[in-house]
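The sequence and structure come first.

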Amino acid sequence: MLTSIAHWLQNLPLILWLGSSDHAYPFVQLTHFSGLSLWISTCLILDIRLLGFGKKLMTPAKLLDAIFVWNWVGLAIAVTGGFTLFCIAAGGYIANPAFQVKIYMLLPVALIWHIIVQRKTRGWGQTEETPTAAKLAGGIELILWLCVMTGGIWIPNY
Amino acid sequence: MAFCRWLEHLPWVVEMTGNAVQISIVWLFHFLGYFLVVGTTALVDLRILGLAGKRQNLTQLAKLLFPWTWLGLFFVTVSGFLMFAGYAGQFYPAGVFWIKIGVFFLAIIFGVIVQRNVPKWDRLPAIPLGAKAIALISLVLWFGMILASVEVPAFIACV
């Protein structure tokens, strides 16, 4: 079932063109990495603030307010680029153990954790000092995103 | 070129490049550095352009983000040099690699201009048009650098 969907995706005329075009393919990669830059950096900056860095400058709640929209815009851009990159070589990706661990395990866990942290930040982040639970949650999220990145980096090794 | 050949044949460089775990750690720091540099710079640029965090103070936001921009830059530079060292003989003659380095330094220059001027711009009743133009150029340069970066591996493979 998954294999036939992958095969169908990979052979869509637009995907075939993107995969074979010297000019279009780098722009798909640009889309993915630009989105990731916004997404990962805004996630990590909030985690770092929850850990207690930069406490004199801005409360976590205010920081969240400043980054919230671009955090999710970043994810939308990253997913658009990432899904297109997946389609170009879908057959190879679905059989890749590193891709499977990243997409089926690490990414959902990190994403759910991120949503919980974001929702809790409005409560935790009203003051300069963050509670221990916030520090722990920020630290765990930071490690989770590093694991997701490692999963992505490991894909070409298979 | 002789220096590049010497560099890529150093025993520790050969060991690092051939070891999947070691080179993956280098890649992880390279990506982490890029995401921190591009993301934090983009946020400040977007704030100057009036497209992000308008309810938050620009100077405070920039002061909070810039230390992580510089940490990201440190990660990118060190890991980038290690990646260069492994294939120095192929990187050196590749035009696209030097375009990337050129755009990278230009983007840093514009980033520094933004960083130095943020408190001044923030004291004005409205962000000047020139400041917005600089922020836009900075944004374009960083995304241009990503484009050049993704082209490098393809070009190196062709060398």
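## The crossing of two helices

H3(A) and H3(B) pack at an angle of about 90 degrees, their axes lying 8 Å apart, where helices are DSSP runs of H or I with at least four residues, strands are runs of E with at least two, and both are numbered from the N terminus. Axes are lines fitted to C-alpha atoms, for helices over the stretch in contact, and angles run from 0 to 180 degrees between N-to-C directions. H3(A) is therefore roughly perpendicular to H3(B), a term for angles of 65 to 115 degrees, while angles under 35 degrees count as roughly parallel, those over 145 as roughly antiparallel and the rest as oblique.

On the H3(A) side the contact is made by A:Leu36, A:Ser37, A:Leu38, A:Ile40, A:Ser41, A:Thr42, A:Leu44 and A:Ile45, and on the H3(B) side by B:Tyr34, B:Phe35, B:Leu36, B:Val38, B:Gly39, B:Thr40 and B:Ala42; two residues are in contact if their C-beta atoms, placed from the backbone, lie within 7 Å. The residues of this contact divide into 10 nonpolar, 5 polar and no charged, with Ala, Val, Leu, Ile, Met, Phe, Trp, Tyr, Cys and Pro counted as nonpolar, Asp, Glu, Lys and Arg as charged, and the others, Gly among them, as polar.

## Basis of the model

The model is predicted, and local features need pLDDT of at least 70, side-chain atom pairs count only at pLDDT 80 or more, and totals for chains, interfaces and linings use all residues. Residues are numbered from 1 along each chain as its sequence is written, and chains are lettered from A and ligands numbered from 1 in the order in which they are written.

## The whole contact between the chains

The contact between the chains takes 29 residues from chain A and 30 residues from chain B. On the side of chain B that touches chain A, helix H3 (20-48), helix H4 (58-86) and helix H7 (129-158) of chain B each supply at least two residues, and the largest share, 15 residues, comes from H3(B). By class, that side of chain B has 21 nonpolar, 6 polar and 3 charged residues.

## The two chains

Chain A has 7 helices and 0 strands, and its C-alpha atoms fill a box of roughly 55 × 30 × 25 Å along the principal axes. Buried residues make up 39% of its 158 residues, a residue being buried if 20 or more other C-beta atoms, placed from the backbone, lie within 10 Å of its own, exposed if 12 or fewer do, and partly exposed in between. Among contacts in chain A between residues at least 6 apart in sequence, 84% join residues at least 24 apart.

Chain B likewise has 7 helices and 0 strands, and its C-alpha trace spans about 60 × 30 × 20 Å along its principal axes. Of the 159 residues of chain B, 38% count as buried, and 81% of its contacts between residues at least 6 apart in sequence join residues at least 24 apart.

## A bent helix in chain A

Helix H6 of chain A (residues 97-124) has 28 residues and reaches 38 Å from its first C-alpha to its last, close to the 40 Å expected at 1.5 Å a residue, the expected span being 1.5 Å times one less than the number of residues. H6(A) bends by about 35 degrees at A:Leu106, and a proline, A:Pro108, follows within four residues; the bend is the angle between axes fitted to the seven residues ending at a residue and the seven starting there.
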